[in-house]
Amino acid sequence: MRAKRRAYSSRNWKITTPKNVVSLFWQLTHEQKDRFDRVLDMGAGDGRFARGGHYQNYVGIEIDPRKSAKLKLQKVSYSHGCVFEHKKDNYSACIGNPPYLRHNEISDQWRTTIQSRFSRKLGLKLDGRSNLYVYFLSLGLQKTSFDGIVSVLIPYEWAFIPSARPIRDYIDSNRWSVFIYRLAYPVFDDALTTVSISIINKSDLEGGWRYFDVDRKGKIVEVPSFTDDGKPALGYEERGKVWGMRGLSPGKKRIFTLSEGERIARGLTKRDVRPCVTSLRELPKPLKVLDRQNFNKHFVLKNKKCWLLRTDRILTEALTRYVRSIPKEQRSNWTCLNQKPWYKYKAHPSPKLLMSSAFKKSGPRILLNSIKAVAVGSVIGIHSHSDVSMSVIHKKLRVFDFNSPIVSREQGLKKIAVKQLNAALNHLVKSDNGK
């Protein structure tokens with residue numbers, strides 16, 4: 001597997017865990033067991049998880065050669081390599097802060113190999129859309145002894161998203177107990193992720209899932225479920241007559257989307273671009289329609305990113321000069337590296353409605369898209385068949401309660417997944433056939 005290490009080491013994904021979180025991690029982990037014989041840290045970083053825990057032996061493995069640990073403890077072993085190649089098993093605890101790469105940032109070959117491995121060794125068939133941390137969680141289940149503990153710092157979403165359902169079902173089938181502590185404050189400065197300390201105790205065969213909220217001061221409160229009010233979360237459904245589509249990801253936003261000033265400075269005309277929306281955050285709440293007048297007022301004149309390069313078709317001379325001027329290091333992201341040529345993205349249709357995927361108590365902003373702007377990035381586009389009245393759907397969406405069934409992230413921020421939006425849309429269309 002040496003050549004496949006690029007599956008999760010091609011970019012600097014490792015974010016340093018704050019020391020206070022490491023301390024809390026061990027506090028909660030040792031509530032399950034006072035002391036461990038052998039501990040495997042599955043992504044050791046600088047080795048900070050080696051400090052604070054009570055154990056006889058600690059093995060830390062880190063894939064990134066740029067990271068090192070200065071540990072002068074006889075009971076600690078630290079080395080560089082791929083933890084998925086590590087041969088030893090039967091650890092009393094597998095711990096750590098694994099990487100959070102999305103499924104489309106993992107090589108297909110590596111994913112297929114690892115999925116086959118867990119299917120063979122555990123009888124666990126993972127979803128191909130799983131984030132990389134799910135593979136590390138599965139590795140922890142494989143490497144721990146029959147009465148061991150897996151304790152990891154992973155996104156809270158693993159408790160409810162569909163792509164993690166196979167591992168949740170696998171845990172339930174073994175009747176292991178799960179304790180999930182949601183850290184209700186920002187943990188990592190550069191990651192919009194609600195972090196949890198999630199603990200799976202194989203020795204506790206009572207089974208079941210318990211959920212806790214932890215505030216910045218360390219106060220821990222048990223809650224009835226992973227939702228804020230204990231009510232069922234909004235489900236995940238496939239497309240119906242009206243459906244949501246994730247915003248276009250053409251590559252790096254700073255390259256593919258321009259403000260009016262940037263467009264003019266680059267010598268590009270309106271033939272080289274088309275209207276786009278990368279964020280609805282700063283729009284006035286009463287605004288209902290994005291027409292040409294509002295687009296000019298709130299995007300063009302305010303010099304917001306509002307023009308999408310038309311690199312999905314034959315380039316003009318001006319646009320050719322622009323793409324040739326982009327340094328290679330600025331376009332060395334996953335999307336550009338997997339497009340041929342690097343700038344030619346697959347075009348998205350213009351949605352009939354635009355909706356923000358992240359929101360707070362006031363709910364998401366939803367606009368009729370009369371200017372036919374392209375949804376980009378975190379903006380969700382809503383599409384439909386021709387026989388559905390989108391003005392009616394728009395009105396119903398604006399009063400739909402997205403707060404109760406959507407799980408809060410840090411600082412009260414909520415984020416709706418596309419398939420959750422599909423569930424809401426299917427319900428609205430079914431209620432009166434969209435009329």
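Helix α3 crosses helix α4 with left-handed geometry, where left-handed means that the near helix is turned anticlockwise from the far one by less than a right angle, and right-handed that it is turned clockwise. Welcome to a short tour of a predicted model, in which local features need pLDDT of at least 70 and side-chain atom pairs count only at pLDDT 80 or more, while totals for chains, interfaces and linings use all residues. Residues are numbered from 1 along each chain as its sequence is written, and side-chain values use heavy atoms, with hydrogens and water left out. Helices (H or I, at least four residues) and strands (E, at least two) are DSSP runs numbered from the N terminus.

**The α3/α4 pair**

- The contact joins Val134, Leu137, Ser138 and Leu141 of α3 to Ile167, Tyr170 and Ile171 of α4, contact meaning heavy atoms within 4.5 Å.
- Sorted by class, this contact of α3 with α4 holds six nonpolar residues, one polar and no charged ones; Ala, Val, Leu, Ile, Met, Phe, Trp, Tyr, Cys and Pro count as nonpolar, Asp, Glu, Lys and Arg as charged, and the others, Gly among them, as polar.
- The axes of α3 (residues 132-143) and α4 (residues 165-173) come within 10 Å and cross at roughly 20°; axes are lines fitted to C-alpha atoms, for helices over the stretch in contact, and angles run from 0 to 180 degrees between N-to-C directions.
- The two helices α3 and α4 are therefore roughly parallel to each other, a label for angles under 35 degrees, with over 145 counting as roughly antiparallel, 65 to 115 as roughly perpendicular and the rest as oblique.

- Strands β1 and β2 pair in the parallel sense over five bridges, and Leu40 has Val59 in β2 as its bridge partner.
- Strand β1 (residues 36-41) also pairs with β4 in the parallel sense, over three bridges, and Asp41 stands opposite Ile95 in β4.
- Strand β4 (residues 91-96) is mostly covered, with six of its six residues buried; buried means under 20% relative accessible area, exposed over 50%, and partly exposed in between (1.4 Å probe, protein chains only).
- Five bridges link β4 with strand β5 (residues 144-155) in a parallel run, and Gly96 stands opposite Val152 in β5.
- Strand β8 (residues 209-214) pairs with β9 in the antiparallel sense over four bridges, and Tyr211 stands opposite Val223 in β9.

**Helices on this sheet**

**The four-stranded sheet**

- An open sheet of four strands has the order β10-β18-β14-β16, with antiparallel pairing.
- Strands β10 (242-245) and β16 (366-368) stand at the edges, each with a single partner strand, so one side of each lacks a neighbour in the sheet.
- Neighbouring strands of this sheet are turned by 25° against each other on average, direction ignored.
- Strand β14 (residues 353-356) and strand β18 (residues 379-384) run antiparallel and are joined by four bridges; the partner of Leu354 in β18 is Gly381.
- Helix α10 (residues 390-399) packs on this sheet, touching β10, β14, β16 and β18, with its direction at about 160° to that of β16.

- Arg111 lies in helix α2 (residues 108-122), and at 12% relative accessibility Arg111 counts as buried.
- Not counting residues up to four places away in sequence, Arg111 touches His103, Ile106, Gly128 and Tyr135.
- Tyr181 sits in strand β6 and, at 3% relative accessibility, counts as buried.
- The C-alpha atoms of Tyr181 and Ser196 are separated by 5.3 Å, with the two residues 15 apart along the chain.
- Beyond residues up to four places away in sequence, Tyr181 touches Leu28, Glu31, Val195, Ser196, Ile197, Ile199, Phe212, Val214 and Ile220.

Technical notes
Two strands pair if DSSP finds at least two bridges between them.
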